[in-house]
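Let us walk through this structure together, one part at a time. Please have the sequence and the 3D view open as you read.

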Amino acid sequence: MLQTENITFHYKEDKHTFLFPNIVLKAQENLLILGKSGIGKTTFLHILAGLLAPASGNVIISGTDINSLSNSKLDKFRGQNIGMVFQKKYAIQSLSVFNNLKARLFFSKQPLSNPTQDTKEKTIANSKIVALLEELDLSDCKHKKLNKLSEGQLQRLSIAMSVIHNPQVILADEPTASLDDENCKIVIKLLKKQAKQNNANLIVITHDSRIKSHFQNSITL
Amino acid sequence: MNVWKISWQNIKSKPLYTALSVFSLALSIALLLGMQQLKTSFKHQIENNLGTIDLVIGAKGSPLQLVLASVLHLDNPTGNISYKEVKKISKNPFIKTAVPISYGDNYKGFRIIGTTNAFRKLYNSELEKGRDVNASLEVVIGHIVAKELKLTIGDTFLSAHGLVEAAIETHDEKFVVVGILKPTQKVIDRLIISNLESIWHLHEDESHTEDHSEHSEENHKKHPNEKDKEITSLLVSFKNPRGFLTVPRTINEQTNMQAALPKYELDKLYEYMGLGFKTITWIAYLILIIAGLTIFISLYKMVKERAFDLALLRTYGATRFQLIKMVVYEGFTITFVAFAIGLLLVKIVLPLLLKFTGITFNGNVLKELPFQDILQIALVIFIIIIVSITIAIYPIVKMKISEILSNEK
């Protein structure tokens, strides 16, 4: 469930004000946002993720108005409910694939109140990571650092990072821009499949018209 | 997984860079600690040799010379003083002990002093073997004398004139070793101790030594008859601090002798030397600041270079505070390891260096660096690191995630 109401935004040094369309997405609904470069696609996505505060309007995710949250609560909310996929930035350089996913889970989870629960959660988390890596065909590079992975593997890892914590919303910023046709298809299919499995909304912003046919809903900025 | 583990992975992911940072910091910490230790050892060495001596009374001249000669046994004495007059002074109610010393001879470079058995009590020195001196021409020898000259109880030797080893002239009568002292790390380790009578006795029959060089003439008893017996100086310790107020002035004003405060004179000397130590300490601090700067630059670079990573972590739900913690952990790990290596270097390398260069003039010269000094240096480093980290994390505090992520392409 994601909804936006009358969102506007302007950069400090800029007089131009962005006006963004209202969006209402029910459970499992996906959306493709198309637009030329510089039209404010990424800005819109960052507002949806709570990385930028809009000048006016609200972003409501699963009933929570995210702009009403305090900074640290918003950090936690984002960690728990939003998964992001970027075009080039996949995960943390100094960590292995497996540790990246563990870190992702660590930051998204709430502080543990019961320490005995910790080991149990750890095993659950570990088996979850193993299963996801299996599913995304990344099992072989479980302990590899990022610089040892191929482009396709990196983008799949990026998807894994965005869904490991069962988010409500998956936001993808140009996920296919640097991929060839075949990989482009694979990535979009994986994203849609993961979104469905997690019962999450998937929003993809792109100028890549190749993926238009994969989405029922699309808007152009 | 937690913040600390991520920090650790970050450190491990750049081993060469980390090693260089650690090494440069460790080296400057070692330099600083080593300097401090040498300074402490030197100061201790001097103060240790004071024993319980509060005041030195001797012939007029340079007070520093008097102290150097009578306390550290380094310089030539200023001259001789009348034993009769000294005995009078000893009766002063403020004086607890007054130990006369007299010399003029050496054996293979080690000074032979004539004194009483109270002398070794000034240094809390104890006998290792044998007994105290009971009669003329008996000696008790210090630990280093025994070791270096391989003398043992019952050995005899002939003494030579003067205070340095140039022994052409020797006396005919032999000294006999009756006791050996335990090591004290003080100047007494390097002395040969006899009684006053031995010195007087040796020089009684030697009117022919009158024509000796000027300074050795001074050191010798010119009129060895009972009334005009002379000694080199008197080592005094007071009953209470009030002695400091009255006794030195009385002596300096009312007699033809001088009273010198060894603590004061040596502090002055130490100040002259201290200037050199101070300079080196400043250089060490300068190096430390440079090392601190290295740490700062590497942390700052890390924050800048990993701006994308840090922004990504924020999208994962990491708070600003967690990112700051991450940088702080990294900074402190590097510093802690560097400090440990620096301390190890000082503990292992410095003694080896001293041994290698043969600077072992008084046995164990190195004094353990007091914990307080280590703590003080650690504190200075801590402050430098805190400052570096504070500046380095500033970009995190000001971080605009959206801007960083938008610039990824």
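How many helices and strands does chain A have? Chain A has six helices and ten strands. Keep in mind throughout that this is a predicted model. Chain A is 221 residues long, and 43% of them are buried. If you take the contacts in chain A with a separation of 6 or more, residues 24 or more positions apart account for 71%.

To see one pairing in detail, look at strand β8 (residues 169-173) and strand β9 (residues 201-206) of chain A, which pair in the parallel sense over five bridges. Here Val169(A) has Asn201(A), in β9(A), as its bridge partner.

Now turn to chain B. Its 409 residues, of which 39% count as buried, include 14 helices and twelve strands. Among contacts in chain B between residues at least 6 apart in sequence, 78% join residues at least 24 apart.

What does β4(B) pair with? One partner is strand β3 (residues 95-107) of chain B, which runs antiparallel to β4(B) and is joined to it by five bridges. Across this pairing, Ser102(B) stands opposite Gly114(B). The hairpin of β3(B) and β4(B) has two residues between the strands, and in it Lys108(B) takes a positive phi near 50°. Strand β9 (residues 192-195) of chain B also pairs with β4(B), in the parallel sense and over four bridges. In that pairing, Ile113(B) has Ile193(B) as its bridge partner.

Next, see where the chains meet. In this contact, 22 residues of chain B touch 27 residues of chain A. On the chain B side, the elements that give two or more residues are α1 (3-13), α10 (307-315) and α14 (401-406). The largest share, six residues, comes from α10(B). By type, the residues on this side of chain B divide into nine nonpolar, nine polar and four charged.

Finally, look inside. The largest nonpolar core has 100 residues, and those that touch the most other members are Ala160(A), Ile170(A), Leu171(A) and Ile29(B). Helix α2 (residues 15-50) of chain B gives the most to this core, with nine residues. Apart from this core lies another, of 54 residues, among them Leu55(B), Ile81(B), Val99(B) and Leu196(B). As a last stop, find Ala160(A): leaving aside its neighbours within four places in sequence, Ala160(A) is in contact with Leu101(A), Leu132(A), Leu133(A), Leu136(A) and Leu138(A).

How values were computed:
Residues numbered from 1 in each chain as written. Chains lettered and ligands numbered in written order. Predicted model: local features only at pLDDT ≥ 70, side-chain atom pairs only at ≥ 80, totals over all residues. Core = buried A, V, L, I, M, F, W, Y, C linked by C-beta atoms within 7 Å. Buried ≥ 20, exposed ≤ 12 C-beta atoms within 10 Å, placed from the backbone. Contact = placed C-beta atoms within 7 Å. Pairing = 2+ DSSP bridges. Nonpolar A, V, L, I, M, F, W, Y, C, P; charged D, E, K, R; others polar.
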